[in-house]
Amino acid sequence: MAYEKLDGQGMANLQSNADRMNWYQKGNRFSVDFGGHSTIMTVNNNDVLVAYDSPTSNGMGQKNASVNYTKAELAKEYGQYKDTLDQLIATGTTHAQQRDGATSSASSSSASVSQEALNKTYTIMGHTFKPVWADDYKSYVLVGTDGEGEAAEWAPNAIGYSVEERKQGMEQVSEAYKELYGKD
């Protein structure tokens, strides 16, 4: 509920992005990401503190920002979507587990990335991205050359683009990763 309130793009948008979401929980901390920057939600008693990267004109920023919501405020506004949100979180948790399982063997899969693919730049929504090694994922990720951050996180949240343009951007991200890794 706190992520949706912060995102503010509506339940339909959240549902349309569910296949790319990765949800994690550790104690009272929850995080969601799209393969890059995470939004962290910490639940304390009656409050939910949300930490995120503040947006810039080029997309996701590098500076952290935060906002605090009360559980009552969130329940009043989003309580009717509880079942849908629970289902999205379950799907995102499964994706995170699958991704983590896949990245545990990333050392061997990263060897399959050609030097040619590593030297290439990828254009997504008119922006340039380059492969960069991400220790957290033990694999290469596409990072923008102008502060966009990781492509799969930036594209669905890009400021100044329509929903359709962001969907097309995510298709471009998918194609770029297929090309980088030489497979789906």
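**A pocket and a cavity in a predicted model**

The second largest pocket in this structure has a volume of about 420 Å³, a value computed, like those that follow, on a predicted model. Its lining is made up of 18 residues, and those that lie nearest the centre of the pocket are Met-1, Ala-2, Phe-30, Val-43 and Ile-89. Several elements give two or more residues to this lining, namely helix H1, strand S3 (38-44), helix H3 (71-78) and helix H4 (82-103), and it is H4 that gives the most, with five residues. When the lining of the second largest pocket is sorted by class, 14 residues are nonpolar and four are charged, while no polar residue is found there.

Rolling a probe the size of a water molecule over the atoms shows where empty space is left. With a threshold of 30 Å³ or more, the count comes to one cavity, and the largest cavity has a volume of about 40 Å³.

Which residues line the largest cavity? They are Tyr-3, Asp-7, Asn-13, Leu-14, Asn-17, Met-21, Phe-34 and Asn-157. By class, the lining of the largest cavity comprises four nonpolar, three polar and one charged residues, whereas the lining of the second largest pocket has no polar residues.

Technical notes:
Residues numbered from 1 in each chain as written. Predicted model: local features only at pLDDT ≥ 70, side-chain atom pairs only at ≥ 80, totals over all residues. Heavy atoms only, no water. 1 Å grid on protein atoms, 1.4 Å probe; cavity = no way out; pocket = protein on both sides within 12 Å on 5 of 7 lines; lining within 4 Å. Points joined across faces, edges and corners; volume = space filled by probe spheres on them. Nonpolar A, V, L, I, M, F, W, Y, C, P; charged D, E, K, R; others polar. Helix = DSSP H or I, 4+ residues; strand = E, 2+ residues; numbered from the N terminus.
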